[in-house]
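Hi everyone, thanks for coming. I'd like to walk you through a structure today, so please have a look at the picture and follow along with me.

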Amino acid sequence: MATTWRRLTDRLNGKHDPEVLYEGLPDHLSVPVRQWSLKAMSNFVLVGVVCLRLRLPSSILNSRSPEEALANYQDKNNPMIFMEIVDALLVGLTETNPYASGHFGVTARELRVELDYILTEGGSAYTVNPEGDGLCRRVNETLRESLEAAVQAADKQKQGAGAHLREAFAAAYGINPNPSVAYSQSVKAVEAVANPLFLPKSPEPTLGAVRSTLDQGRNKYEMVVQDRTGAPAGINAVVELLNLLWHGQRDRHAGGPTSQPVTQEAAETAVHAAALLVHWIATGAIRKK
């Protein structure tokens with residue numbers, strides 16, 4: 001939950017501007033986050049696997065206290081290195097029983113909650129992701145809730161859309177974003193729920209085929225919401241959203257005159273457009289007349 005606390009001078013001056021979020025590990029967050037990492041490593045055996053996965057110098061494991069060495073590690077060439085360490089620690093915590101106590105009785109779940117509190121109160125641009133297995137960029141709470149609602153609806157369909165949405169979110173908002181993967185997984189999420197419904201007999205269904213089917217059959221479908229006349233609304237909004245998602249993936253095929261890399265902004269837009277479409281389709285908001 002995002003903090004609503006504001007410093008005294010801001011309250012006295014009536015300042016309500018959104019708080020500036022801090023990238024990397026700023027000075028005021030350094031000690032709390034490093035102390036948290038030491039607690040995580042002292043409770044669970046994680047230092048070795050973190051060093052292996054991040055290819056960190058052997059001097060860490062050769063030191064008298066590898067945990068303390070890792071908790072204080074810095075790399076002037078990589079200002080994000082400690083956030084990567086925290087991210088790797090979170091992965092390690094999910095690989096153990098989340099309710100199992102460590103050496104000092106602290107559970108993996110409690111450690112994740114503590115870290116999320118520290119990052120939130122310190123105004124970090126990052127937070128623990130919904131799965132608890134890494135860091136992601138802080139997202140507006142309304143957007144996050146809409147994404148989680150779509151994932152839950154998709155999971156009930158058991159067709160993989162929820163997993164694709166999770167991957168799309170991680171690729172778009174992780175500490176090492178991959179816009180191309182985020183966009184691709186967004187498309188796959190919609191295909192996972194739309195293809196069985198709208199193209200049940202197609203041997204090679206695609207989002208493009210779904211888009212064409214609905215575009216040409218607008219008079220065959222309707223929405224559960226009503227239009228201004230009180231009748232069920234048409235599916236124009238659905239078709240336009242599908243058009244946006246389908247045509248916006250400019251790196252789907254290379255070598256074309258309009259081919260280009262997917263931008264971070266486009267990837268984030270695709271994730272949330274896909275979440276809306278998945279939620280609508282999975283919950284039956286689009287139906288045959």
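Predicted model: local features only at pLDDT ≥ 70, side-chain atom pairs only at ≥ 80, totals over all residues.

Leaving out residues up to four places away in sequence, Gln249 touches Tyr183, Ser184 and Val187. Where does Gln249 sit? You'll find Gln249 in the loop between α12, residues 236-247, and α13, residues 264-282. Is Gln249 buried or exposed? Its relative accessibility is 8%, so Gln249 counts as buried, the cut-off being under 20%.

Now let's step back and look at the whole chain. How many helices and strands does the chain have? There are 13 helices and 4 strands. Along the principal axes, the C-alpha atoms fill a box of roughly 70 × 50 × 45 Å. The chain has 289 residues, and 43% of them are buried. Here is another way to look at the fold. Take the contacts between residues at least 6 apart in sequence: 60% of those join residues at least 24 apart.

Next, the helix pairs. Two packed helices are described by the angle between their axes and the distance between the axes.

Our opening pair is α10 and α13. Helix α10 covers residues 179-198, and its axis comes within 8 Å of the axis of α13, with a crossing angle of roughly 20°. How do we describe that angle? Angles under 35 degrees count as roughly parallel, and α10 and α13 are therefore roughly parallel to each other. Their crossing is left-handed. Which residues meet there? From α10 the list includes Pro179, Ala182, Tyr183, Ser186 and Phe198, and from α13 it includes Gln264, Ala266, Val271, Leu277 and Ile281. If you sort this contact by class, you get 17 nonpolar, 2 polar and no charged residues.

With 11% relative accessibility, Ala273 counts as buried. For a sense of scale, Ala273 and Ala100 are 173 residues apart along the chain, and their C-alpha atoms are separated by 38 Å.

The other pair is α11 and α12. Helix α11 is residues 207-216, and its axis and that of α12 come within 10 Å and cross at roughly 155°. What do we call this arrangement? Angles over 145 degrees count as roughly antiparallel, so α11 and α12 are roughly antiparallel to each other. This crossing is left-handed. Among the residues that meet, α11 brings Leu207, Val210, Arg211 and Asp215, while α12 brings Val238, Leu242, Asn243 and Trp246. By class, this contact has 8 nonpolar, 3 polar and 2 charged residues.

Let's zoom in on Asn243, which is placed in helix α12. Asn243 is buried, with a relative accessible area of 16%. Apart from neighbours within four places in sequence, Asn243 is in contact with Arg211 and Gly248.

Now for two loop residues. Gly102 lies in the loop between α6, residues 81-94, and α7, residues 108-121. With 16% relative accessibility, Gly102 counts as buried. Setting aside residues up to four places away in sequence, Gly102 touches Asn43 and Phe44. Gly102 and Ala40 are 62 residues apart along the chain, and their C-alpha atoms are separated by 8.5 Å.

Then there is Arg55, in the loop between α3, residues 47-53, and α4, residues 58-62. What is its phi angle? Arg55 has a positive phi of about 55°, although it is not a glycine. Is Arg55 buried or exposed? At 68% relative accessibility, Arg55 counts as exposed, because the cut-off for that is over 50%.

Last, the cysteines. A disulfide is a covalent bond between the sulfur atoms of two cysteines. To count one here, we ask for a pair of cysteine sulfur atoms within 2.5 Å. How many disulfides does that rule give? The count comes to 0 disulfides.

Terms used. Residues numbered from 1 in each chain as written. Heavy atoms only, no water. Buried < 20%, exposed > 50% of the residue type's maximum accessible area, 1.4 Å probe, protein only. Contact = heavy atoms within 4.5 Å. Axes fitted to C-alpha atoms, helices over the stretch in contact; angles between N-to-C directions. Parallel < 35°, antiparallel > 145°, perpendicular 65-115°, else oblique. Left-handed = near helix turned anticlockwise from the far one by under 90°. Nonpolar A, V, L, I, M, F, W, Y, C, P; charged D, E, K, R; others polar.
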